[in-house]
Amino acid sequence: MARAIKVKLFPLGDPEEFKFILIEDEQRTLKELLQIAPAFSVGAPVDPKAWDRPVIRLGISIAKKEEAQAAALFPTPGLLDMMSGATPVEEKTDEPADMKTEPGPTCERQPDDSPDADEKSPPTLDHPEDLTEEQAVKIAYGAHVKKLSTFLRSRLSLLVSCEKLTAPYLQKQIVEKAWLPPPHGGADEIKLKPVFLKLPAASADSADLGGGNRLEQLRAVIHELKPDQVLVIPDLDLLGGGGDKNLNRESRELTEVIYSALDRLVLAFADPSLPVPEVVASRFAVRASVEGLSPEVEDGCGNLVPVGKALVKADEAALFKGFDPREFYKDIAGLNPVRLRQAMAYTVQMAKDQGCGPENPADMEFLRNEIRAFKAQTAEQFLVPDVTFEDIGGYDEVKAILDQAIRLMSGGGDLPDEKLRRELIPRGFLFHGPPGTGKTLFAKAVANQLNATVRVVSGPEVTDMYVGESERKVRAIFSEARRNAPSVVVFDEFDAIAARRSGREDGGSRAGNALVAQILTEMDGFRPDVPMLVVGTTNRLNLIDEALLRPSRFQPVAVGLPDLTARRHIAQIHAGHFKIPVEDDLLDVVAQASEGLNGDDIRALFRDACVGLSFENPKIEADPWRLGYLVG
C-alpha cells in the first residue's frame, strides 16, 4: 500500500471550522477542500500528486500559529483563486438562500521595510478595501458568535441581549456556525437547522395590540420542532416584554407557551432597552449580552488587530491625517459595528463636503467632532457640550482633580500597564455646594475635554409613580450612555433619587431603596474600556446614601462659593461675554464688592448691565456707578 502523502496546512480562517469541513466529506479531493476552505501550505509546496486525491487518503495536519511563523508559507489553489478574483467551488449544503452570508475581508501579507522584518510571519489584516454592515458584525462579534454557537451545539437554549441593529446579522451568523457538527462526532453528530419564527403583524382593527395570534403561531411552531432544529425568535421582547411586576396578559401567555416545551432548542433575541420578564428569561439555559466594541478583534488569520483598523476602510482612514486605530477606539467604544459603519459614512461625507481628500486630509479633531455630533443626533437627549474649563473662572483645585481624571480616561500618565490605568479611572464625581456655583458647568466642561456627548438628567424626572418604572428609566439612561461612549451623564438634584435608604416598610421608602439599589448596580457594572463618567450634583450632600459615597463609586468634590481670585476671574469672563468694557481696577472693585455672591449672581450682574446698555432708552452706561448699583 502506497504511503499517504503528508500535507501541513495553515488555514486562512478559523482552524476549528477547517477541521469540521475536513471531516465532513472525506471523499472530497484536496483541491476541492482548499477551494472551499483556503489555507497556506507550510514548509513546502503541496505535492502535485496530492491535488486530486481524497483527503482521507492524505496525511493532513493543521499547523499552529507558532509553526506558521517559523516556516515558509506557500499559496494553494483556494488562495490563488481569491487573488485572481475567481469564484471558488461552493460547498454543498442544505442552507437556505437567505442564510448565505457575505465573505469577510481576506488576509494579506503587509510589506515591512525594517531590516528585522520576518519574511515568514503569517499574513495580517490591514484596513479593508470594502466592508458591509454584515461583514462588520462578523468581524466585531466573531468571538461571541463562536462561543454562542457552541452553546447551541451543546443543546442549550440561548437568550441573546443585543441591539436591534445587530440582531438580524447575529442570528444568521450564530445559526450558521451552529450548523457545523460537534467535534466529538458519534451519534450526536447532527446539524442544527434553523426555523425562523416570522411573526405576523397584529391586525390594525384589533383591540389586542400585544401577542394575540403571534403567540398562537409560536405555540404551533415550538411543538413541531424536530431534534435537529433550533427555533429562532428574533423579537422575544416584542412578544412579551415589560417589567417583572404585574405581568400583562401577553407576558403570562408567552411564559406558558415557552415552558410547555422545555426539551425544544430555542435561540431568542431581545433588545437591552426592552427588558424581558425574569420568569421568561429563566426559560433559557444561557443568557448572553453582545454590545459595544472590544479594543481588538481577531482577523481571519487568528491575529489580534485594533478594531479601528478592522472596521474602518482604507479610503476612510486615508481621509484623516495621522489616523491611529488604537486611539480611535476611545471615540467609538460604545457603538455597535453597524452604527460605527453609519458614523464613518456620515463623517466621510462631511469631510468630502469640506473639500478634504487623500491629498488634502482632515485632521483627527475633525473626525472626533463629527463622530461625536453623529452620536448626539442618533441618541435621545444627548448633546455636544461647548463649555470649556476656560469658561469657568477660578476653582483651580477642582479643575486639577478633573484634569487628572480626564488624563487617566484619555490614556495619559506614565503607568506600567493598561490594567493599572483602568483601575485608576474614576467612575463618578459628586459635585456638592451652594446653588449657582457652576456644578453642572464643570460636568459639561469635562465632557467637552473628553470629546464626549453629555446628557443632563434632572433627578425628579427619573422618579415615577408606577412600581419598577424608575429603575427602568435609570437602566435606560445608563444603557444609552454606554452606547454613546465616550459620554458623561449628569444627574442634577441627585439627592432626589439617591437619598439614604430607609428601614421603613411604606411603599415610598421601598421604591426609593430600589432606585438607590439600581444606581449602585449600574455603577458597579462599568466596563473599564468604555469611557463613561457619571456626575451627580447636589446642594445637600448629607442626604446622599453612604453606599454611593464610596471612592469606587462617587468621589465627592466640593464646589463652594468663589473666593476673591475666582470672583475676579468670573467677572472678567462675563464682562467679555456680554461686551461690557471694564478696566482691571474696576474688576478688582467688583470682585471685592461681590463677596458672598455665587457665579450665577455675578453673571446676572453683567447681564443686567448689558440690558441697560443695549435696550434702555436712554442707554445706561456700564460705568462704576452702574455696576456698584447692580451689586448693591
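Student: Which residue does Asp237 meet in a salt bridge?
Tutor: A salt bridge requires a side-chain nitrogen of Lys or Arg within 4 Å of a carboxyl oxygen of Asp or Glu. With an N to O distance of 3.0 Å, the side chain of Asp237 meets that of Lys164.

Student: How many residues apart are the two partners?
Tutor: Helices (H or I, at least four residues) and strands (E, at least two) are DSSP runs numbered from the N terminus. Asp237 lies in helix α9 (residues 236-240), while Lys164 sits in the loop between β5 (158-162) and α7 (167-178), and the pair links distant parts of the chain, the separation being 73 residues.

Student: What should I keep in mind about the model?
Tutor: This is a predicted model, in which local features need pLDDT of at least 70 and side-chain atom pairs count only at pLDDT 80 or more, whereas totals for chains, interfaces and linings use all residues. Residues are numbered from 1 along each chain as its sequence is written, and side-chain values use heavy atoms, leaving out hydrogens and water.

Student: Is Asp237 buried or exposed?
Tutor: Buried means under 20% relative accessible area, exposed over 50%, and partly exposed in between, with a 1.4 Å probe and protein chains only. Because its relative accessibility is 4%, Asp237 counts as buried.

Student: Which residues are linked with Lys164 in a network of salt bridges?
Tutor: Lys164 is itself partly exposed, with a relative accessible area of 32%. The network of salt bridges links Lys164 with Asp235 and Asp237.

Student: How many salt bridges does a search of the whole structure find?
Tutor: Among them is the pair Glu278 and Arg287, at 3.1 Å from N to O. The search of the whole structure gives a count of 14.
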